[in-house]
Amino acid sequence: MKKDLIYSLPVLLATACSDDAEPQSNNIQCIHPGEDLQAYYDLLTQNPQVVAAMNLCERPASFQTLLWDKVREAEKTGLPPDAPKPQSYYDFGLEMETKSLSGVSFDSNQYQKIEMVENAEYDFYFPAKDGEGRKLIISNQVLERATETFLRNQEEREPIKTIYTTKEEAQEIYAAHLAHSLWIEKNEKVPWSIIDYNSEQLGELFGTRTWFKTWDEKNDEYVISLVLDHSPRETWKVINDIVDLEDLTDQKAGVRGSAGYRYSE
Amino acid sequence: MSVELIAREGCQSIGAYDVKLANALNIPGEHFNGYFNGEGHRSVKFELTGHVLAHGDDVYAAYQTNTPSSELMASLEFWKENVLAYPKGEEPGVHNSWVHSVNSMMKFPAWRLLRDYCEDGKGSLTERFKDFASEKEIDELEERIVDITNGCMDFPENSPDN
């Protein structure tokens, strides 16, 4: 299949790729996305500054394939690219329905570790001794209250603001966002174009720091902070709720309109 | 992203949230810390459009809930000259970081401000705005509030975008 083949892009593109990044090898290559996405390929070859800002050619072939698969899916469905939430999101108990508590730590001097009876895959720390040091039997009702208290305290006092992802999760999220930007551009979803942006603006839009507090391939550490923007499809739903895309004339209108989220449901 | 924020960290989260929404429209932006009201607060900057959201919390701050979304952001040019030009946490940058927010509070008085005035009198306005507005401007605000509330008889709901 053509999309699986690796093509060398024109010299101009290869040169642009090496501007802002440390190449992983001297053999800079970009994957041809396949004939069905030729328009995207043309967009990139005609605008090497976009490729450079994404550091696309320096990224592994597997990442590039993932990105093009995201674009292909968006073209097929008519919906923005998607990526799942990282597993740690669920492990931290942020999906309230599960009330999973992996990763919770308490002061070991005050709390004794016990295991949840009904959900043995998670450990739970709880003050399971009375004042005289006798072990207490924890009923499900008590456990339920403790869980709710923990979640409430966590929200009020020490909210989770950092999500760790695996390399694979991080790459999927990042690929989805780059694919989304290209999909927006190619399908003219907004009346402005990324090809008019300078390198600084493109860097601000496409850098890993836009979505990740830490993107450290050397130490295999990928961290999202403050807002989990894992899926452009989810974000696009918000946009559509608060912005009338037909009325957007320029980026100023987009910025002003996006502030309307404060009154949306 | 619509319903599942990682953390509800006030201006810290919402500043980042604001940038993410713009990014989804292929608009670059950045959020930064430490300039609004001195240390510890997050602001948003859109260099491309010349906008600054002075404080992430402005989007839901009680006294700005009647400010139209289109009027919520300050001018980046003003911020560059009057806020970002000074070291974080130092005057007059700290004072200047409030200017747009305070102006919008006065220009689009929110339900909370109407209630403050009608419960606590003009002193509530003077106390809140004395460092940013003249006596004449505060007098004019009082007149407008009296007019809006029909002499503190009616308290219209906030309706910023309608």
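**View 1. A disulfide joins A:Cys30 to A:Cys57, with an S to S distance of 2.1 Å.** A disulfide here is a pair of cysteine sulfur atoms within 2.5 Å. A:Cys30 lies in strand 2 (residues 30–31) of chain A and A:Cys57 in the loop between helix 3 (48–54) and helix 4 (61–77), so the pair ties together parts that are 27 residues apart in sequence. Helices (H or I, at least four residues) and strands (E, at least two) are DSSP runs, numbered from the N terminus. The link of A:Cys30 and A:Cys57 is left-handed, with -105 degrees about the S-S bond. Both A:Cys30 and A:Cys57 are buried; buried means under 20% relative accessible area, exposed over 50%, and partly exposed in between (1.4 Å probe, protein chains only).

This is a predicted model, in which local features need pLDDT of at least 70 and side-chain atom pairs count only at pLDDT 80 or more, while totals for chains, interfaces and linings use all residues. Residues are numbered from 1 along each chain as its sequence is written, chains are lettered from A and ligands numbered from 1 in the order in which they are written, and side-chain values use heavy atoms, with hydrogens and water left out.

**View 2. B:Cys118 and B:Cys152 form a disulfide with an S to S distance of 2.0 Å.** The pair links distant parts of the chain, 34 residues apart: B:Cys118 is in helix 5 (residues 111–120) of chain B, and B:Cys152 is in the segment after helix 7 (135–148). The torsion about the S-S bond is about -85 degrees, so this disulfide is left-handed. B:Cys118 counts as partly exposed because its relative accessibility is 24%; B:Cys152, at 28%, also counts as partly exposed. A search of the whole structure finds two disulfides over all chains.

**View 3. B:Thr49 sits in the loop between strand 2 (42–46) and strand 3 (51–53) of chain B.** With a relative accessibility of 6%, B:Thr49 counts as buried. The side chains of B:Thr49 and B:His51 are joined by a polar contact of 2.7 Å. A polar contact is a pair of N or O atoms within 3.5 Å; within protein, one must be able to donate a hydrogen and the other to accept it, and residues adjacent in sequence count only if both atoms are side-chain atoms. Not counting residues up to four places away in sequence, B:Thr49 touches A:Gln251, A:Lys252 and A:Val255, where contact means heavy atoms within 4.5 Å.

**View 4. The largest nonpolar core has 69 residues, of which A:Leu67, A:Trp68, A:Leu182, A:Phe206 and B:Leu25 touch the most other members.** Helix 7 (residues 167–186) of chain A gives the largest share of this core, ten residues. Such a core is a set of buried Ala, Val, Leu, Ile, Met, Phe, Trp, Tyr and Cys residues joined through side-chain atoms within 4.5 Å. Leaving aside neighbours within four places in sequence, A:Leu67 is in contact with A:Leu56, A:Ala175, A:Leu178, A:Ala179 and A:Leu182.

**View 5. Helix 7 of chain A has 20 residues and reaches 28 Å from its first C-alpha to its last.** This span is close to the 28 Å expected at 1.5 Å a residue, the expected value being 1.5 Å times one less than the number of residues. Of the 20 residues in helix 7 of chain A, 15 are buried, so the helix is largely enclosed by the rest of the structure. Just after helix 7, A:Glu188 takes a positive phi of about 50 degrees.
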